[in-house]
Amino acid sequence: MKTTKRLLQTGALALSLIATGVMAAVSPDDAAKLGTTLTPVGAERAGNADGSIPEWTGGLPQNAGTIDAKGFLSDPFANEQPLFTITAQNVEQYRDKLTPGQLAMFKRYPDSYRMPVFPTHRSAGLPAAVLEATKTNATATKLVEGGNGLENFRTANPFPIPNNGLEAIWNQITRYRGGSVQRLVTQAAPQQNGSYSLVYFQDNFTFRDQLKDYDPNEPSNVLFYFKQQITAPSRLAGSVLLVHETLNQVKEPRLAWLYNSGQRRVRRAPQVSYDGPAMATDGLRTSDNYDMYNGAPDRYDWKLNGKQEIYIPYNSYRLDSPQLKYDQIIKAGHINQDLTRYELHRVWHVTATLKPGERHIYAKREFFIDEDTWQAAEIDHYDGHGILWRVAEAHSQYYYDKQVPWYAVETLYDLIAGRYVALGMKNEEKQSYEFGFSASASDYTPAALRQAGTR
């Protein structure tokens, strides 16, 4: 199967795609297009030729819907019906707007996998301060250390007008996620017959400039801090993971620690990177599969292929509804596709190819990154023999009250094993995401792990 080759070229933007070896910021003239012909984060402001992708007009307003007592958002598009549904029977009709991974899912699950396609809404917008930082980054931020670090970076979106694949993937890594968030989420790794047990996580996530004790005059090399505690089941409860994600990963690689509640010990965890196995996933996910993709990009060569129009999960409010039970979402083979929503959007297509001499279980990855949010929507993973192995699909939603794009559910399908991992569900939990929570650097120290863990 081949990916769509048609590129959406628009003047100077097309020229930037050719300059794949450039490691410098764009010119002031190019940066001036942000907020005019381009959106403030670098997407094409205009719609597509037939109007199926509309013009970006600023995203949903912060009062686009209601918020319940637990913080869950109402669906601004609840009354819409699908334009059509893609099934294994009609998939060839839509092949040019699907990824190889999506096509493979129709082949693997012809009787159950489907994609309900709805009208497209460019719902995402970011706070004014983030957009201001993005425009500053366009002319100031540079790749350093062979592309494994950033210089002169602020807040989010270092390369809104990317010159190469490495710049595009740094946008995914550093994209805006609300500055800080605390959340209670669940993960399922169903067996082939659909039976599953849930793992419950409490996550704390803080970008460095959101710390109470952050000093902008002496910024550290840490990009963000992440702490994840397993709260159930009892055999895993109390284990805590701490990560200091660094900005210049040559100067200082990622720092990670694990607290084992059974041993009551904190240990360094260098395995929490690259293709190290992720916790509690039965080996179905690597450490760098979390958040669709994370970590140092140094093991791959990155190619920017341009843009495509494809159907991706979007505005997935229904899938995040507190009215749903987890049993309604988790099914054999894949999540309940009747609860999903797909829309036609423009995406950046980036290919990551393993460098000669480097090691990773994924020899190639194909990224499809939403132009309006810089979030990866689809990622296809190939093994060392060039066989499509795993398909990642992120069901995104926009937290319009806080102006934060994020994922409602991340899925990673193993085509060979017939199993998958679904992460991020919170439908039955006591609260939705808490953005803007207050934290200090001392909350993200190895000493704090022991205090967080319980046996």
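## Aromatic rings in this model

Arg299 lies over the face of Tyr274, 3.6 Å from the ring centre; a charge counts as over a ring if NZ of Lys or CZ of Arg is within 6 Å of the ring centre and within 35 degrees of the ring normal. This is a predicted model, where local features need pLDDT of at least 70, side-chain atom pairs count only at pLDDT 80 or more, and totals for chains, interfaces and linings use all residues. Residues are numbered from 1 along each chain as its sequence is written, and side-chain values use heavy atoms, with hydrogens and water left out.

**Another charge over a ring**
- Lys227 sits over the face of Tyr444, 5.8 Å from the ring centre.

**Ring pairs**
- Rings of Phe, Tyr and Trp (its six-membered ring) pair if their centres lie within 6.5 Å, with planes under 30 degrees apart called stacked, over 60 edge-to-face and the rest tilted.
- The count by this rule is 23 aromatic pairs.
- Tyr94 and Tyr311 make an edge-to-face pair, 6.4 Å centre to centre with 75° between the planes.
- These two are 217 residues apart: Tyr94 is in the loop between β1 (84-86) and α3 (100-108), and Tyr311 is in strand β11 (residues 300-313).
- Helices (H or I, at least four residues) and strands (E, at least two) are DSSP runs, numbered from the N terminus.
- Tyr362 and Trp389 are edge-to-face because their ring centres are 5.6 Å apart and their planes are at 70°.

**A cluster**
- Ring pairs join Phe205, Phe207, Phe224, Tyr399, Trp406, Tyr433 and Phe435 into a cluster.
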